[in-house]
Amino acid sequence: MQHALRLLAITLAVLFALPGAGWAATDPHGLSPSADMTFLPHLAGLRNKTYKNQYGQKKSLSEAIVLRGSEIKDGAATVQPGGLFYLSETSHDARPLMRDPFLVLGEHACLVDLKTAMREYRDVALNKGDRAPLGDSGYRLWFDYSTDHYEVPYAEFAVISPSGGFPLEFPIASEFPKREEVRDIHLEEGLNPQLEKFYLDNTYYFGASRYVASKVGFDDAEFSSIAFPEITEATFSLQRPVILEVRQEDYRFYLNKRIYAFRRPDGFLIRVTNFTGGQVLAEKLVKPVTAQEYKTRPDQLDKYHLTIPELDMRVEIVMDPAFLKDSDFVPWSTGKAHGYSSGYFSFVVYRDLVTVKNGQPWPLDKRYNVVLEPNLKTGMLQRLVLENNEPVTFDKDHDAYAGPVKYSDVWNRTAFKVVVKDLDGDVARNIYVRDYYGMRTDNMVMWPNEGKADIDFFLGSSPVLEPIIERSFLTRLADSSYGTVVEESRFSSYPKVISDASFYEPDHTAPFVPRLGGLMRKVSRNRNNERLLSAEAVVIRGSYVDYRNGRIVIPPAGLCYTSRNARNIRTLAGESFFLLGRRAYLTTFSSGTFVRKDFDLDFWKNQPMGDGNLMYWQDELLGERNKALRYTGETYLDDRPVASLSLMKYSGNRWGAHFYLAQGFDKEKEAGDRYFMPDLFSEGATYIQPEYIGSNYVKIREFGTPSLQSISYTYNKPKSLALGAGESAGLGTFTLRCDAVDPQAGTLNLALLDKSGAVVGSKTVGPLDDAARRLLPQHMETARRMQFKVGAVMAELDVKHPFKDGKANLWLYTGIQELERDTPFEFDPRFMVRPDVCGHCYQLNEVLLDNPEPIVLDREHPVFEGPKNAQGEPLFRIVIDSFDGEMVQAWHIETGEKDELQRTDNLAFRPRNNVDVLVGVNGTIEGFLRLSMLPRLGFMDHWRVGSRAPHEKLSGSVNTGGSAHIRR
Amino acid sequence: MNTNSMAINYDLNRKSWFSSLYGLREVLPGLLAMFFIAIFSNNLAGVPNPFTLENLFAWLDGVIGPLHHQSFFQIMNSNFVWNPLLLGLILGNVFGVPDCWKRGLSYIHMLMPLGIIMLAPHFMVGHAFKLGAAPILICTAFLFLTATVTLWVSRLLRLDDRHGSIIAGGLATGDPHACAILMPLIKAKGGQVVHATACVIVFGLIAMQLLPVLGEWVGIPPKYLGLASVVGVGNGSQALYAAFGGGYEAGRWATWFDVGRHVIMPAGFLYVFIVMFVRKLRRRNDPEVLATRGVKTFPVWLGVFVFLWVLACLHVFKEPAHHAVFAMVKWDFSLAAAALGLSLSFREIAGHGFKGFAVTCIAGLIRIALLLAAILVCVKTGLLPA
Amino acid sequence: MSRHPHTTDEHGFDFMANTGREEQDRDCLGILFALAVMACVTVSQYLGLL
């Protein structure tokens with residue numbers, strides 16, 4: 001069984017990798033390692049550190065070693081140039097004049113200088129699924145997927161750096177109203193009718209980057225311009241700087257030199273002389289460095305330092321706070337870019353300077369090239385990559401390949417060594433990496449008997465892993481070769497206790513059970529023959545052990561049943577979803593635009609619970625249990641605050657990418673702004689018109705997003721029927737009579753008669769004309785016109801093939817039931833109905849059922865039954881098998897009855913202090929997994945070898961265990 | 001002046017219990033010696049010293065690389081008792097033990113009961129209930145069986161009964177710690193304890209290679225190979241080495257079943273002590289009976305331990321308290337083991353010869369054979385569901 | 001009894017010897033300290049300090 005599952009996992013992984021099957025021999029830049037590559041989170045020589053810069057701002061640094069695009073053939077493994085690389089990454093970015101820390105092959109260095117430029121590629125065309133190379137830069141443009149609104153396409157793209165990292169996927173379209181048109185929307189506060197227009201611009205601005213689409217289709221796209229920043233040269237200082245207080249009109253000794261400072265109207269004239277002061281070695285007017293960011297602009301940077309390469313020194317003048325000079329132990333940490341207000345001027349003398357050039361060999365090792373990857377938003381350094389510039393071959397005579405030589409205080413030596421042994425035909429059986437401490441990893445071939453068909457791996461806990469494995473992370477986490485992975489929790493006297501779990505996500509260590517019989521996951525096709533994947537899932541969130549009372553509590557909204565399709569669920573196409581294990585057909589929906597005006601949104605800076613027990617009182621709710629707006633991230637671009645807002649769904653997932661907003665940038669070249677960010681947000685039907693964007697709060701003039709009030713559905717499969725004028729047909733217990741058909745006008749008259757022949761209702765369905773077609777299928781009012789619904793029955797015009805031979809093509813629905821937001825579920829009032837809406841298009845996105853009252857599990861009540869269907873059968877049961885009052889020692893979820901009982905593995909195989917869990921796979925679960933990807937994958941390695949979870953998560957992770965670059 | 005007269009001296013000068021602490025000036029050098037050995041051996045709570053033997057071993061583990069996912073020094077059972085003992089042993093043998101340390105080092109006799117009592121919250125029997133009846137029964141039965149067989153074999157081979165008891169304790173509980181715990185109960189010599197510990201560990205090295213092969217040969221399913229490793233090999237990482245040697249599934253289940261062996265450990269050393277104590281009471285004048293010779297009555301502190309163990313099982317000590325107490329236990333045993341290490345010479349340990357090892361091997365092999373048979377029967381009869 | 005070089009000092013005090021009244025006192029102190037530590041920790045826990 002295990003082997004079968006393993007085989008299945010491998011097959012799936014290979015299938016996932018298929019779109020890239022031809023990549024292996026091609027240029028590996030911007031591509032990911034194979035889907036079945038090994039990920040190991042830890043090696044001693046790869047450091048994960050948080051250091052502060054001179055303003056006390058924290059930077060999370062991480063390192064990794066990656067191998068990609070390898071091939072094994074006839075006992076030899078080959079790696080193309082760019083396939084093996086070392087990577088050092090900082091959270092956000094590192095910029096000059098800030099003493100920003102950076103790791104360079106294990107050494108703590110400071111970035112002191114950058115030379116930047118812009119790159120632009122014109123007329124880039126690509127097909128869906130492509131990762132098209134952008135010139136020979138190593139960057140690629142990825143066309144991830146496309147979808148439609150009113151049957152007009154829009155799509156998601158990403159610009160991928162050579163390492164494989166990308167900051168976000170951006171939505172873009174060429175046919176819809178532009179961002180600026182949002183200014184014309186003026187709606188009332190509260191619920192408004194659906195917006196007719198769908199707003200999506202053809203230009204995506206992202207600070208220093210700008211992407212302009214000329215044509216976005218379903219299967220191909222063209223960009224007239226892809227512009228993004230480039231770093232040509234970077235200088236690091238490998239030592240802590242020497243700090244000397246400035247004595248005006250006098251000198252300080254620096255080793256065997258003197259450094260003079262003479263006051264001038266616009267700065268200090270710095271003069272470096274020999275020991276006696278007799279010989280001037282260098283002299284320059286230097287302005288003191290302060291925190292304003294524009295000083296890193298290429299035309300400004302030169303005014304702030306005196307660099308003397310032949311003396312290996314670079315002098316800056318900074319202001320250190322009066323009480324503390326040159327310390328990593330700055331006692332405060334601030335998100336503010338501006339420094340302290342009083343202090344002393346000091347010389348900061350950087351030494352051990354190393355300058356590296358993008359695309360040029362690494363100074364200590366010609367076999368490796370340097371790649372400097374900017375943060376695409378700020379244009380400042382985010383990643384240093386050292387990649388092999390010649391093909392590498394492993395065979396039985398060459399089983400090791402040395403990494404680049406590192407700088408060291410002790411002796412410069414190879415930073416690591418990749419060892420590939422036991423190459424056997426087309427597989428490898430033993431791969432490991434040894435670092436500069438001589439310590440090695442475990443064998444990176446997990447099943448040595450079967451071997452591994454490539455030698456790809458990712459070693460280290462760097463957040464760049466997340467975009468790199470975007471396509472394969474779900475398969476990886478759902479791999480069942482190791483059974484259900486359960487991370488132990490540590491008992492705490494102060495567990496995370498919340499009174500209501502709405503908008504919260506499940507614990508990041510919650511076990512994930514990808515498959516459980518009884519929860520459906522199936523593909524179906526709608527009337528247009530489009531493939532729809534429908535899946536059910538169960539989520540428990542916010543649960544905790546109330547150890548003082550010896551019980552387990554699931555708070556209100558903590559037990560969620562969710563059913564969702566791979567995209568939103570539309571009417572007029574016979575689209576279905578699962579509801580409590582049965583296929584249900586969506587018949588109607590009613591939604592509107594929820595608008596809030598003139599409100600303040602606090603920046604999420606003041607997080608009350610430093611222990612990770614976040615309280616979301618700063619959320620601004622958009623309608624009752626609809627969505628919440630959160631101000632989660634704040635940065636500066638040339639000192640203009642840039643807010644990143646998140647729209648949180650009721651389920652705790654974020655909707656789409658962050659919304660970046662900033663005011664006051666001018667996109668015209670003459671204005672001379674390095675950056676541009678729009679001061680409006682619009683994506684589909686969600687829009688923001690801000691009044692003021694500040695670093696501490698955002699004042700919003702108007703915000704609108706869809707809200708879904710109710711849906712109706714039926715478990716009965718709709719039947720098709722052609723009806724001519726004067727003809728009748730049965731519809732449930734009624735008779736449907738067609739009184740007139742007018743194909744020209746696109747209308748037909750329908751009447752519904754009861755058994756006695758009395759007319760219960762009548763309607764002129766349509767008109768289905770060009771005006772209507774432009775708004776179908778998403779526009780509610782227009783869609784309703786195509787439907788004739790009376791009570792629990794409905795007749796619907798087939799909008800694709802409405803008329804034939806003078807007859808109207810109808811779809812008949814019977815047994816229709818209603819699901820209204822925030823009302824008890826019809827068959828089980830212990831659960832409330834919470835339908836969730838797509839933020840783009842007003843359609844049904846997800847059906848949620850959750851508990852309005854807390855659920856308490858203890859020794860007397862070890863079982864709780866999930867939502868029940870019409871027959872009173874629960875979809876699943878939560879069963880606590882062993883609970884000692886403090887920790888859950890064994891529990892499981894089961895579905896079905898006696899003979900068909902299906903149960904999960906023990907979900908407390910390692911003891912847990914909550915019963916949070918993710919069962920099944922749909923978009924909701926995927927979102928939660930994405931937020932905890934790195935720590936989860938890291939723990940899987942501990943699980944594999946039977947060791948305990950590390951006390952501290954290894955990653956650039958924030959304290960919630962999530963990942964640095966995905967802030968919620 | 002001999003020890004007896006020292007004892008008389010003590011009685012003469014004694015004022016209260018606290019007289020056994022002597023004067024601060026007398027004991028300070030010895031205490032400092034223990035303290036420094038302890039903090040350079042283990043990463044102890046509250047001491048941020050990175051230059052410890054524990055960290056040195058961790059580095060060497062990294063250099064050697066994992067063996068069946070287990071690190072080498074974990075397989076060798078390096079832990080908070082072993083490390084200071086080793087460091088003390090080396091220091092004592094290379095440099096000798098200055099006389100001024102010895103008063104302080106005598107605190108070992110206070111620290112041992114202190115540490116053992118504080119171990120009590122560590123063994124919460126309830127934690128094993130999740131395993132189900134059959135595995136618990138197997139763990140328990142083999143604990144007593146192994147102890148009995150070992151004592152019997154050691155008598156057969158005429159091994160010093162103190163030495164035999166210590167081996168029995170270590171082997172039956174599947175934890176070389178237990179050897180140290182039994183030391184004050186059995187009144188064993190330090191050399192015997194260290195030798196017995198070495199025997200248990202070395203036999204573990206053999207058993208961990210042997211068990212997966214035997215298990216596969218007799219056809220034990222992976223899940224119960226995990227159980228077999230825990231009961232048949234024990235010694236923490238050695239059991240995991242054996243289990244992972246049999247495959248991932250076996251390894252995973254070994255981590256599951258380990259709690260069954262762990263929580264009943266106290267029963268193992270209590271059993272050995274009581275058996276030997278009763279034997280001594282029965283054969284008071286037999287010069288061959290040396291075990292528990294110095295123990296006149298049932299030790300009060302052992303009673304306290306049992307009492308606290310019962311409290312622990314009744315869940316009086318919650319998780320955070322249990323962790324805090326265990327951090328103290330580490331401190332305590334680090335200090336005590338340092339003193340024990342200093343008290344021994346290499347010759348003394350080696351002097352116990354080969355016989356002890358033979359006893360360990362014979363008893364251990366009998367255990368493995370019986371265990372595999374028992375598990376096989378249970379699996380066949382469905383007592384252990386697949 | 002021969003003088004053990006590692007354990008016996010010049011006055012004949014053997015730190016590994018543990019008998020008689022001295023042993024009882026050491027045991028008592030061990031129990032006392034153990035109970036003190038555990039009581040302290042447990043009380044802290046019940047008071048919510050841990």
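Helices (H or I, at least four residues) and strands (E, at least two) are DSSP runs, numbered from the N terminus. This is a predicted model, in which local features need pLDDT of at least 70, side-chain atom pairs count only at pLDDT 80 or more, and totals for chains, interfaces and linings use all residues. Residues are numbered from 1 along each chain as its sequence is written, while chains are lettered from A and ligands numbered from 1 in the order in which they are written.

Select Pro767(A), in the loop between β55 (759-765) and α5 (770-773) of chain A. Leu776(A) and Pro777(A) are joined by a cis peptide bond, with omega about 5°.

Now go to Leu572(A), in the loop between β41 (559-569) and β42 (576-579) of chain A. Leu572(A) is not a glycine, yet its phi is positive, near 65°. Leu572(A) counts as buried because it has 25 C-beta neighbours inside 10 Å; a buried residue has 20 or more other C-beta atoms within 10 Å of its own, an exposed one 12 or fewer, and a partly exposed one a number in between, with C-beta atoms placed from the backbone.

Asp598(A), in strand β43 (residues 582-602) of chain A, also has a positive phi, about 50°. Asp598(A) has 11 C-beta neighbours inside 10 Å and so counts as exposed.

Finish in chain B with helix α12 (residues 222-232), where 10 of the 11 residues are buried, so the helix is largely enclosed by the rest of the structure. After α12(B) comes Gly234(B), with a positive phi near 65°.
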